[in-house]
Amino acid sequence: LYSASPVEILSSVFFANQAGESGAGMHVVSAPATVRQCTLVGNRSTWGNGIWLEGAALEVSNSIIWRNGDLGTNFESIFGSLDATAVVSFSNVQFSEVWAGVGNILEEPRFVDESSGDLRLRSDSPCIDAANDAVAPLVDLFGRSRIDVAGVGTAGTVADMGALEGYCGNGTTDADEECDRGALNSDDPDQTCRTHCVSGPV
């Protein structure tokens with residue numbers, strides 16, 4: 001995505017894009033940009049593989065920016081010119097250290113199957129119930145309701161980081177399961193995780 005005008009990007013996935021020079025995921029020039037509840041993974045360019053800022057002011061929240069490789073020597077998830085700024089909160093950004101800001105983490109996201117582009121979160125992902133509910137949309141990219149998975153993440157937090165709500169499975173469809181609903185369901189009194197598994201996209 002290239003933008004030289006103010007832009008707000010919500011609940012979107014940027015996966016496996018390539019750019020010859022900069023900003024394979026996003027390239028923002030001299031304009032404010034808001035990135036909320038997004039997932040940027042596997043994007044490759046020489047500079048700013050995930051997001052490249054050129055004199056731009058960026059605000060990122062509730063997002064995952066991870067494993068954005070490159071075609072040159074720069075591996076930064078967010079990179080920009082000296083006059084660019086980035087404010088990041090409640091996000092999982094791959095960097096040399098935890099990105100400064102409230103609620104940020106630096107942990108393997110644990111996608112269902114990143115190699116095939118399935119960027120739903122596994123039931124053991126640290127991104128589950130770790131976002132900021134105050135700015136999260138009520139549904140994810142697939143239209144699935146945001147749910148609070150009992151015993152996972154921050155108690156009382158509903159939203160997960162990224163564009164896709166956490167997947168309840170554990171990677172194995174057991175003999176007594178109609179779909180991979182994972183071990184969490186035995187500890188889920190109202191069975192919201194099981195309902196998600198049965199009714200949501202797989």
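Modeller: An open sheet is formed by four strands in the order β2-β5-β8-β11, with parallel pairing; strands here are DSSP runs of E of at least two residues, helices are runs of H or I of at least four residues, both numbered from the N terminus, and two strands pair if DSSP finds at least two bridges between them. At the edges stand β2 (7-10) and β11 (85-89), each of which pairs on one side only. On average, neighbouring strands of this sheet are turned by 10° against each other, direction ignored, where the axes are lines fitted to C-alpha atoms and angles between N-to-C directions run from 0 to 180 degrees. This is a predicted model, in which local features need pLDDT of at least 70 and side-chain atom pairs count only at pLDDT 80 or more, while totals for chains, interfaces and linings use all residues. Residues are numbered from 1 along each chain as its sequence is written, and side-chain values use heavy atoms, with hydrogens and water left out.

Within that sheet, β2 and β5 (residues 32-36) run parallel and are joined by four bridges, with E8 opposite T34 in β5.

Another open sheet has the order β1-β4-β7-β10, again with parallel pairing. Three bridges link β7 (residues 51-54) to β10, and I51 has I78 in β10 as its bridge partner.

The cysteine is C127, in the loop between β14 (118-121) and α1 (192-199). C127 counts as buried because its relative accessibility is 0%; buried means under 20% relative accessible area, exposed over 50%, and partly exposed in between, with a 1.4 Å probe and protein chains only. Beyond its neighbours within four places in sequence, C127 is in contact (heavy atoms within 4.5 Å) with residues including I64, N92, L121 and D160.
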